[in-house]
Amino acid sequence: MSARSDKMVDVGKVELLQAPELPMTPEAIFKDITHYFGRTFGRRTVRTASPFLYQAVVYATRDRIMERWARTRKAMERDHNRRVSYLSLEFLMGRLLRNALLNLDIEQETSDALQRIGIDLEDVVEREHDAGLGNGGLGRLAACFLDSCATLSLPVLGYGIRYRYGMFRQRIENGHQVEEPDPWLREGFPWEVERFEFAQIIKFGGRTTTRKDKHGRTRYEWVDTHDVLAIPYDVPIPGYQNDVVNTLRLWSAAATDEFDLEEFNAGGYLDAVAEKNLAENITMVLYPNTATEGGHELRLRQQYFLASASLQDTLRFYTYHHGNDLTSFAEKNCIQLNDTHPAIAVPELMRLLLDEFGLEWDKAWEVTRSTMAYTNHTLLPEALEMWPVSMFRRMLPRLLDIIYEINARFIEEISRRWPGDNDRIERMSLIREGSEPMIRMSYLAIVGSFSVNGVAELHSKLLREGLFRDFAELWPEKFNNKTNGVTQRRWLAACNPDLGSAISDKIGDGWTTDLEQLRGLEQHADDKDFQQQWREIKLANKERLAREIEQNTGIALPTNMLFDVQVKRIHEYKRQLLNLLHAVHLYDRIRRGDGDDIVPRAIIIGGKAAPGYEMAKSIIKAINNVARMINTDPAMDGKLKLLFYPDYNVSAMELICPAADLSEQISTAGKEASGTGNMKFMMNGAVTIGTLDGANVEIREAVGEDNFFLFGLTVEEIQQLRGKYDPNAIIEADEDLMRVMQLLESGHFNRFEPAVFDQLIQSIREPADLWMTAADFRSFIDAQELAAQAYLDEEHWTRMSILNTAASGRFSTDRTMQDYNADIWKAEPIELNPK
């Protein structure tokens, strides 16, 4: 410690931040950009290929955000109203610059500033790396939630992990997915602000001991632990033109000591930094491959690291303003668990309340159950995480003690309600017994929360009546639905500005904060001039996408083709395989001379498969093999193209969804919780072909059955078919499907790679096929033919497209967040200028 005194000054109290607000004019923005470019980065020559101009623009933008960020924090600290902590292992933010400029209302001013040096804003925006801190819909939804919460002035703080390497980069090599690290932080992340003063200590390993306090009560201590430092990095989340700036706090892991200097000097260089490397591994990569024991353990470390750091931070904020009296903690805080990953927050909050703050069990449990709320995002039993008791005992022994105590008290509650019903107790227990006892994390989340919600009407119904039926019978009041949405600021105004402007010219721009106003487009759906403008915008978007695709893949897509798009995480239940069967069917028709009346179609499929998910990776390989055959066959020219879009991410979706004509939402009914890609496509005027699954049900209700191409078995029909499903009989009875299977099984698409698709093809013929691909083939082909014929009628298709956009109002995350707040959070909006 320095001999000099460490003087602390509350900057806010002495008003050092009350400098004049920065002007939003092109002149002022240009001045700040040149200041940072020349004086911070020491650059003289502008090269858009280098990161420095982009970073200078971010710094100039961030300066304007900072003053609003400070006012928002000050208002939250002044009012002491309820605050929401939103815990999510994923935040798929994508690029932030355009969204920030839009929300600050300085997009045109910044463009004008850059034009002074002959630079297009678009070139600068393109220089930003995607912040790929998520895998798919879950992380993108969380990002949309934050945007809407800031726009609605809701006091919501996002908590996530600052992965050094985000979602992997996908490279296609001989048709196979090859994963490469995504070093998105290599050039820095100019949006973030390190907040080392709020770092937290996270414990792992060790053992539990007991002692008696001065009142003779037994107290528990977690000792001999291996500690890790959690360092927060804050990212500003500006609301739409309301001066509110919320925070996304991302935790980065570091060793409590950088390295062992004595060991280093003795020559043990690797041992000297072993602890540092072990700690940093926690936040090294998003979703380690859990096919290995080490990957499985690292995943649990990540989940606990996020939960513990975030809860300690939430308690720090509370005690700073309210002291150590936690009687009003639940009144001032709501902790929303985004899916099952952060469920470990339940026993961790109990640990903190019991061991660090000395609460008695009953009081700590009352606080916990009044604070926690759980959102479930999946109907797949295998996605409801379970962890081995042995792993908890080794890594988190104190939490295991608490989980067993929660379970004992919970079983007692079940026994009182249903005396002697041991089968029910076994079904509902937090511990699944067996040779390897497992902790059921979703059950833990339900037991420890006051609210449990699904994310679409069908999904919530299936949770109550199926997956969590026992719990819904015990606590029906806990269960509710909150249908997902997307933010129209990014997914229409920013990614499709020409369409946004055309809509505003017709109905005004109020839709940017009240998406239901898009209903006003219905009266213009038959306007011939508006239809022509709508088609021209769609064509321009298709041309833009086609240029990007040709540049990246060498494949030219004629823009007169129907752009038939399915982009999402690769998974068997999402049925990219069914889409591929349709492509093979069209190929077969054309090759047999039956393709004269086929509507020209470009099938675009994109997405990433989890590194350990071999079947999903096999689907990618099959798509690429079939695509190579189709795209090199002269008979297909002008009639059919098949493309696998490599390295699909948020920025790619911003290019794809404005260009799509047909949106493929074809999951097996009862498997997709909600989906959000379906909403983005709908908002941009794509027409959906889909099953009655997830939010498709509500999309069809909103737009009308005449503007949605429905196919496939329903949930009830699938349940009735279980145990009686005979895909081979279906194949034999359908001449088209039989020809498709013969092409696949003959090796036509893998002549020099024998047996490469055997497992994939066999899955279609398997009576135990959970996804019932063969069962929905005929219905899918028929619906695709209806869609093709509708596309031929230009005016009719344009009308359908306009009506889809017009009906997308209920699928804004603004509405979703209002529902969460009204029913679950009950937080007061932030008032920047109270009366």
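Contact here means heavy atoms within 4.5 Å. These legends describe a predicted model, in which local features need pLDDT of at least 70, side-chain atom pairs count only at pLDDT 80 or more, and totals for chains, interfaces and linings use all residues. Residues are numbered from 1 along each chain as its sequence is written, and side-chain values use heavy atoms, with hydrogens and water left out.

**View 1. Thr-714 in its loop, with its contacts.** Thr-714 sits in the loop between strand E25 (709-710) and helix H29 (715-721); helices (H or I, at least four residues) and strands (E, at least two) are DSSP runs, numbered from the N terminus. Setting aside neighbours within four places in sequence, Thr-714 touches Ala-669 and Leu-692. Gly-670 is 44 residues away from Thr-714 in sequence, yet their C-alpha atoms are 7.9 Å apart.

**View 2. Strand E12, covered on both faces.** In E12 (residues 245-255), 11 of 11 residues are buried. One side carries Val-245, Thr-247, Arg-249, Trp-251, Ala-253 and Ala-255, and the other Asn-246, Leu-248, Leu-250, Ser-252 and Ala-254. Strand E4 (residues 156-161) pairs with E12 in the parallel sense over 5 bridges; pairing requires that DSSP finds at least two bridges between two strands. Within this pair, Ile-161 has Trp-251 as its bridge partner. Strand E11 (residues 226-238) runs antiparallel to E12, joined by 11 bridges, and Tyr-233 stands opposite Leu-250. The E11 and E12 hairpin has 6 residues between the strands, and Gln-241 there takes a positive phi near 50°.

**View 3. The open sheet E15-E17-E16.** Its 3 strands pair in the antiparallel sense. Strands E15 (386-388) and E16 (431-432) stand at the edges with a single partner strand each, so one side of each has no neighbour in the sheet. E15 is joined to E17 (residues 438-440) by 3 bridges, and Pro-388 has Met-438 as its bridge partner in E17.

Technical notes:
Buried < 20%, exposed > 50% of the residue type's maximum accessible area, 1.4 Å probe, protein only.
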